[in-house]
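Please work through the following exercises with the sequence and the structure at hand. Each task is followed by a solution in steps.

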Amino acid sequence: MREGGSLPALGEADDGFKYVVKLRGAGHGRKALIAEFLGGMIAKAFKFRVPETVLLNLSSLFGITEPDEEVQELLRNSEGINVGLHFLSGAATFDPAVNEIDPLTASKIVWLDAFLTNVDRTRLNPNMMIWNNELWLIDHGASFYFHHAWRDPAKSALDPFSYIKNHVFLPYATRLEEADKLMRQAITPRTLSKIVDMIPEDWLEEEDSDISAAERREVYRQFLNERLENSSIFVNEALKQQKMLGR
């Protein structure tokens with residue numbers, strides 16, 4: 001699937017279902033998988049509709065007959081555990097000019113993406129689908145952008161997230177303060193901690209790094225807990241950006 005920079009694949013797993021496979025050998029590699037996995041699992045914990053997220057083991061034999069050298073190299077570099085998202089067959093891309101959204105749902109989704117620091121749900125690329133006449137959230141790989149530089153994660157957890165100004169739903173999110181209260185009640189630090197514990201160990205390992213996998217896992221845990229506790233920081237930023245839009 002030659003869309004975006006991650007080159008996801010559409011594959012059939014040994015359970016008989018088709019999945020959009022995010023490959024560890026592409027783009028931002030394992031960090032994109034961590035963001036995709038955490039983002040999808042957290043969205044599901046908040047009761048949003050997201051494709052089932054699974055861990056897929058890619059063997060060295062997968063794609064061995066692939067004629068495209070670029071794709072074959074990508075598959076070779078992706079041997080091991082990857083992320084699979086259940087394929088929503090027949091789904092249509094959400095179009096803000098056509099599909100309506102109620103203010104509370106819009107506010108909750110804006111809150112979620114500010115919480116995850118997801119920079120990639122814009123009007124040009126909403127990363128949402130309509131499937132069976134329902135709204136589904138997809139593609140969270142651009143979340144947690146602090147982990148690409150890994151500079152001062154504690155400070156990043158308190159980031160107001162000015163990128164929210166580009167969110168496709170910001171103009172419609174007129175119930176942000178109500179959404180903040182509901183979202184904070186909908187999840188606990190314990191739930192977030194359990195999700196972080198599910199990150200595969202080898203995704204957290206980096207060569208030539210003094211930071212251990214356990215330490216990296218703890219950073220994600222603390223990042224999420226701090227953002228939940230201090231959600232007013234990014235909610236106020238979203239409200240400020242709304243005023244600048246004239247809302």
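**Exercise 1.** Determine which residues glutamine 72 touches, leaving aside residues up to four places away in sequence.

*Solution.* The model examined here is a predicted one. Begin by locating glutamine 72 in helix H2, which covers residues 69–76. Next, list its contacts beyond four places in sequence: Gly63, Ile64, Thr65 and Glu66.

**Exercise 2.** Decide whether glutamine 72 counts as buried, partly exposed or exposed.

*Solution.* The buried class lies under 20% relative accessible area and the exposed class over 50%. Glutamine 72 has a relative accessibility of 23% and therefore counts as partly exposed.

**Exercise 3.** State the order of the strands in the sheet, and explain why one side of S1 and of S3 is left without a neighbour.

*Solution.* First, read the order: the 4 strands form an open sheet, arranged S1-S2-S4-S3, with antiparallel pairing. Strands S1 (9–12) and S3 (53–58) stand at the edges; each has a single partner strand, so one side of each has no neighbour in the sheet. From one strand to the next, the twist averages 45°.

**Exercise 4.** Describe how S2 pairs with S4, and identify the strands that helix H1 touches.

*Solution.* S2 (residues 18–22) and S4 (residues 80–86) are joined in the antiparallel sense over 4 bridges. Within this pair, tyrosine 19 stands opposite histidine 86 of S4. Helix H1 (residues 30–45) packs on the sheet and touches S2, S3 and S4. The direction of H1 makes about 40° with that of S4.

Terms used:
Residues are numbered from 1 along each chain as its sequence is written. This is a predicted model: local features need pLDDT of at least 70, side-chain atom pairs count only at pLDDT 80 or more; totals for chains, interfaces and linings use all residues. Side-chain values use heavy atoms; hydrogens and water are left out. Two strands pair if DSSP finds at least two bridges between them. Helices (H or I, at least four residues) and strands (E, at least two) are DSSP runs, numbered from the N terminus. Axes are lines fitted to C-alpha atoms, for helices over the stretch in contact, and angles run from 0 to 180 degrees between N-to-C directions. Contact means heavy atoms within 4.5 Å. Buried means under 20% relative accessible area, exposed over 50%, partly exposed in between (1.4 Å probe, protein chains only).
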